[in-house]
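Biologist: Let us go through this one feature by feature. Please give me the general idea each time, then the case.

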Amino acid sequence: MSDPVLSAILTQIAAILHQQIDREVRLVAGVKKELTKLETELISIKAVIVDAERRQAKEEQIKNWLESLRYVACDADDVLCEWITATKKAQIADREKHKVLSSLMFLCVGFSRVIIRRDIGLKIKGINERLDEISKLKDRYGLKVVTETGSFDRPKAASYVVETQLIGRDSDSYRIVSMLLSDGNQQKLPNVLSIIGMGGIGKTTVAQMVYKAEAVVNHFESRVWVCVTDLFDEIRIAKAIIEDLEGHGSSLCELETATRKIRSLLEGKKLLLVLDDVWTEDFCKWEQLFNSLSVCAAGSVVMVTTQKETVANAMGSRDKIHLRQLSAEHSWSLFKEFALLGRSEQECLALESVGQKLADKCKGLPFSLKTIASLMRFKKSENDWLDVLNSEFWELREAQGLFPPLMLSYYDLPPPVRQCFSYCAFFPKDHVIEADNLVKLWIAQGYLISSENVEMEILGREFVENLTMRSFFQDIKKDRDGKGILSFKMHNMVHDFALYLNRNDFSAVKITNGSEQNLERARHSILIRSEDIRFPGIHNAENLVSLWVQAFNDSPRIVVRTESINPTFFLGLNRIKSLDLSRNMIGELPMEIGKLMKLRYLNLSHNPLVELPLTLSELFNLQTLKLNHCYHLKILPSEMRKLINLRHLEISHTDSLKALPKGTVRLVSLQTLSKFIVAHIRESSVCGIEDLNNLNNLRGCLKIEGLGCVSGATEARKAELKKKTYLSEVHMDFSPCTVKGRREEVIQALQLHELTIIASKFIWRE
């Protein structure tokens, strides 16, 4: 198993250690010595990580050595997090209580800190003893110091290629379109047409081109695309069809009800249904759904893509298209479209010979050609190209789960980008990954470390762009300016590769009953929950750092039912850093959530929550809190001021939330605040417009609600909006309505004209 996260974890630990040694003046005897020893040992081990990661593909003992090292590194990370959290919380307590604490109480606090340091010192000593053994094995295995060669290419405009045509697939596409439009498709049930071929051959790409062809668009009244993947879930597929047809999600949870809805939507219409990446050979799973399509007009077609002919037979395919590897000529055409982009004619001629040999190694697989060609775009000289051509990775067999072009591209990335890519195995196949959310998850895991000049969020977006340039991501959706990436998907083979790198770390479990889920060994887990299954319990979750309880419920405007969480659910999540409980119909959150000391990312969106427990304010390390579409949420915890590390507070579509707690003003690290609410009732416990004055790191879009409650220019000026230079949009809501003169006075006093914002938008409503 590859361990891409290790290098960056060690770098982070060493950096934290260095800071702590510098800052701690009075350490308990022996603790500083153990800290220094730990730092020295980690730096020594880190120097050979590159050699170890590359040798593990062939040497089982190196793979096991990395596994042992990873566990020790994670334990060290836990101890350091515990220390830093305890120190910071004590500092906050000092500031809040110094006016009322007696000298005796100060003495008790100081004594408590000595105990904490001594306890942590003992833990670090134990970690050092384990590292000693690992270090001895390092020398025994002959691991060498290797300089990392991976490069980070900062994104440039139009830095990734959009394939302008389907090279080598014209005849296949023409045949498929002809079959779809044929007058012979007149039977009662839709005709089933299967596109069959090995992984990476281009089945989905061909199907997409056909699906979007003008003649096909004009021929079919309804077109629906569903990605099926490994698990053929009839209810999920039925709901996906309904969602595509209606344009919004469906709350139906019974197959019979869903198929009845499909019949009502499609009756008498000519349908093209694409089922992409089908694996099941069990016709019984498909039969009820297929029969519901009998109401469609004659000429309807179900188009299936699959790697297995037995699947095509089970689906009842009347027509089959077998995709073959590209010819040498077409392979070279596709390769050079990506690899030689932007090079001079002289450079192209110099690289052509090596390039054709590289194209030949891809064996006519379009996916391999695009992957390796995207890598070669960043190789400048002929010697660089020869190094790739002669790499030992070409000797690895795909049957082992190793895909040479992906391996070459992967190891050409610097360690921080490698570890961020590997985390993408956490998402299900064909999942639409939101770039902004992914970056926040990377930050939560500690994969992004900010420097003086570059914020973590900016660095994360650059990583997304970089991975896109190298064809790790596809189906890119961009913002309205066409510059930033909003979302993307991963090709199934890329997902399989990422999962291979971390196959012992990631787990995805579909919950079929109410029993507790055993999450032993997994570090990142998804529990896939159907609507008719109650909220799951878990055990053996001590190693979990990421957990997503995946459900598919939208938060209703009118609450009929809610789910409850057993408080014991949180007690075993000692290492959890990111927790996603969105769309689970949770009506109340247990106070035990406040015990998750390492939690940095919490998503509670689309839940019918009315309030949050006060203990949520104890999540000192929390960086991202998502509460979008919690329509019934009326109040945030009164002690929000304690969340001093909070960077993103997402509270859009929280219509019942009419005020923010006063402590919000202290959250000076906030970059995202969906809306700032000026309370209708003036109380010392809630925010007024003046409490915006210190939130100068806000960026992106800010909505200000309740401006109708602002008394006039003097009060509005206190918001200091002119200092919020990172904002790109300001939305102003003047409800409850005020007289027009006061509204103009407030707008003028907010000094929006002094903001140096590009493409500003100032929108108000009454």
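Modeller: Start with R647, which is buried, with a relative accessible area of 13%. Buried means under 20% relative accessible area, exposed over 50%, and partly exposed in between (1.4 Å probe, protein chains only). The model is predicted: local features need pLDDT of at least 70, side-chain atom pairs count only at pLDDT 80 or more, and totals for chains, interfaces and linings use all residues. Residues are numbered from 1 along each chain as its sequence is written, and side-chain values use heavy atoms, with hydrogens and water left out.

Biologist: Where is R647 found?

Modeller: In the loop between β16 and β17. Helices (H or I, at least four residues) and strands (E, at least two) are DSSP runs, numbered from the N terminus.

Biologist: With which residue does R647 meet in a salt bridge?

Modeller: The general idea comes first. Side chains of opposite charge can pair when their charged atoms come close. A salt bridge is a side-chain nitrogen of Lys or Arg within 4 Å of a carboxyl oxygen of Asp or Glu. Here R647 pairs with E457, N to O at 2.8 Å. E457 sits in helix α20 (residues 456–469), 190 residues away from R647, so the pair links distant parts of the chain. E457 is buried too, at 5% relative accessibility.

Biologist: Which side chain makes a polar contact with that of R647?

Modeller: The side chain of E455, at 2.9 Å. A polar contact is a pair of N or O atoms within 3.5 Å; within protein, one must be able to donate a hydrogen and the other to accept it, and residues adjacent in sequence count only if both atoms are side-chain atoms. Contact alone means heavy atoms within 4.5 Å. Leaving aside neighbours within four places in sequence, R647 has contacts that include M456, Q623 and S669.

Biologist: How many salt bridges does the structure hold?

Modeller: It holds 40. One of them joins R418 and E53, 2.9 Å from N to O. R418 lies in helix α18 (residues 415–423) and E53 in helix α3 (residues 49–55), so this pair ties together parts 365 residues apart in sequence. R418 is buried at 1% relative accessibility, and E53 is buried with a relative accessible area of 1%.

Biologist: How far apart are the closest N and O atoms of E281 and K308?

Modeller: They are 2.6 Å apart, in a salt bridge. E281 is partly exposed, at 41%, and K308 is partly exposed, at 31%. There is also a network of salt bridges linking D75, D78, R130 and R575.

Biologist: How many disulfides does a search find?

Modeller: A disulfide is a pair of cysteine sulfur atoms within 2.5 Å. A search of the whole structure finds 0. Take C424: the closest cysteine sulfur, in C420, is 7.9 Å away, too far for a bond. C424 is buried, at 0%.

Biologist: Now a helix. Which residues of α16 are buried?

Modeller: An α-helix has 3.6 residues a turn, so residues three or four places apart point the same way. In α16 (residues 382–389) the buried residues are W385, V388 and L389. They cover an arc of only 100 degrees around the axis, which puts them on the same side of α16. The arc is that of the directions from the helix axis to the C-beta atoms.

Biologist: What covers them, and what does the other face carry?

Modeller: The cover includes α13 (328–339), α14 (345–361), α15 (366–376) and α17 (404–411). The face turned away from the buried side of α16 carries the exposed residues N383 and D387.
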